[in-house]
Amino acid sequence: MANKDALRALQTRLAERMQQVRSEQPGVSWLAVDCGGQGLLFPLKEAGEIFDTGTMVAVPHTQPWFSGVVNLRGGVCSVVDMASFLGLREAGGPLPEHARLVAFNAALNVNGALLVDRLEGLRHAADMQATEETDDNASRPAFAPARWRDAAGREWQEISLAGLAHEPQFLAIAG
């Protein structure tokens, strides 16, 4: 008899939880990275695989923030140093010890990756607070839609990888 009651209680809890999940808004999640001391949030649905930096081959006559090309899973991919692109540090220095490449999601049709200084894990909108709008927001590029603050007080800049991929400056790789 106890087993029937336990099973019935489990079924009831599962039914309630399934109903709750159906009525919840899907959560927004990001891959958190550090670039030049700035926390950046890449939407998980726009970020692809994460790779070691590998052997990058420099490409002459390109923008200083264009790190070169690298072989990722048998394909040649362009690499942009995100900290240099955003003006957070000078281009061309040694790679940070924990640097990684974050590829664009295949759905974005961008054959490239972003060089980031450090992976910081995952972040969820439910655990963050949007910061207040300021006059600085008017000068933010379209690919940087919002700023967030985590429970520890660190500020994070959201970066739309889809928006970045269509940014004219990002597309102008030739120097």
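The legends below describe close-up views of a predicted model.

**Figure 1. Overall composition of the predicted model.** The protein has 175 residues, of which 34% are buried. Its secondary structure amounts to four helices and 11 strands. Of the contacts between residues at least 6 apart in sequence, 57% join residues at least 24 apart.

**Figure 2. The open sheet of five strands, in the order β3-β6-β7-β5-β4.** The pairing within this sheet is mixed. Its edges are formed by β3 (47–51) and β4 (66–72), each of which pairs on one side only. From one strand to the next, the twist averages 35 degrees. Strands of a sheet pair through backbone hydrogen bonds, in either a parallel or an antiparallel arrangement. Here, β6 (residues 100–104) and β7 (residues 112–116) are antiparallel to each other and share four bridges. Within this pairing, A103 has A113 of β7 as its bridge partner.

Figure 3. Strand β2 spans residues 38–43 and is mostly covered, with five of its six residues buried. Strand β1 (residues 29–35) runs antiparallel to β2, and six bridges join the two. Two residues separate the strands in the hairpin of β1 and β2, where G36 adopts a positive phi near 60 degrees. Strand β2 also pairs with β11 (residues 155–158), in this case in the parallel sense and through three bridges. In that pairing, L40 stands opposite Q157 of β11.

**Figure 4. The aromatic pair of W65 and F85.** An aromatic pair is described by the distance between the ring centres and the angle between the ring planes. The structure contains six such pairs. For W65 and F85, the centres are 4.9 Å apart and the planes are at 85 degrees, an edge-to-face arrangement. W65 belongs to the loop between β3 and β4, whereas F85 belongs to helix α2 (residues 82–85), so the pair ties together parts that are 20 residues apart in sequence. W65 has a relative accessible area of 6% and is therefore buried. F85 is likewise buried, because its relative accessible area is 7%, which falls under the 20% limit.

Figure 5. F85 is buried, at a relative accessible area of 7%. The rings of F85 and F170 are edge-to-face, because their planes are at 85 degrees, with the centres 5.6 Å apart. Since F85 lies in helix α2 and F170 in helix α4 (residues 168–171), the pair ties together parts that are 85 residues apart in sequence. F85 and F170 are both buried. One aromatic cluster comprises W65, F85, F104, F143 and F170.

**Figure 6. R154 over the ring of W156.** The side chain of R154 lies over the face of W156. Its distance from the ring centre is 4.4 Å.

**Figure 7. The surroundings of D117.** D117 is located in the loop between β7 and β8 (118–124). Its relative accessibility is 9%, so D117 counts as buried. The side chains of D117 and R89 are joined by a polar contact of 2.7 Å. Leaving aside residues up to four places away in sequence, D117 touches D34, C35, G36, A83, R89, P96, H98 and A99.

**Figure 8. L108 in the loop between β6 and β7.** This view shows L108, which lies in the loop between β6 and β7. L108 is partly exposed, with a relative accessible area of 22%. The C-alpha atoms of L108 and E46 are 7.2 Å apart in space, although the two residues are separated by 62 residues in sequence. Beyond residues up to four places away in sequence, L108 touches E46, L161 and A162.

Technical notes. Residues are numbered from 1 along each chain as its sequence is written. This is a predicted model: local features need pLDDT of at least 70, side-chain atom pairs count only at pLDDT 80 or more; totals for chains, interfaces and linings use all residues. Side-chain values use heavy atoms; hydrogens and water are left out. Two strands pair if DSSP finds at least two bridges between them. Axes are lines fitted to C-alpha atoms, for helices over the stretch in contact, and angles run from 0 to 180 degrees between N-to-C directions. Rings of Phe, Tyr and Trp (its six-membered ring) pair if their centres lie within 6.5 Å; planes under 30 degrees apart count as stacked, over 60 as edge-to-face and the rest as tilted. Buried means under 20% relative accessible area, exposed over 50%, partly exposed in between (1.4 Å probe, protein chains only). A charge sits over a ring if NZ of Lys or CZ of Arg is within 6 Å of the ring centre and within 35 degrees of the ring normal. A polar contact is a pair of N or O atoms within 3.5 Å; within protein, one must be able to donate a hydrogen and the other to accept it, and residues adjacent in sequence count only if both atoms are side-chain atoms. Contact means heavy atoms within 4.5 Å.
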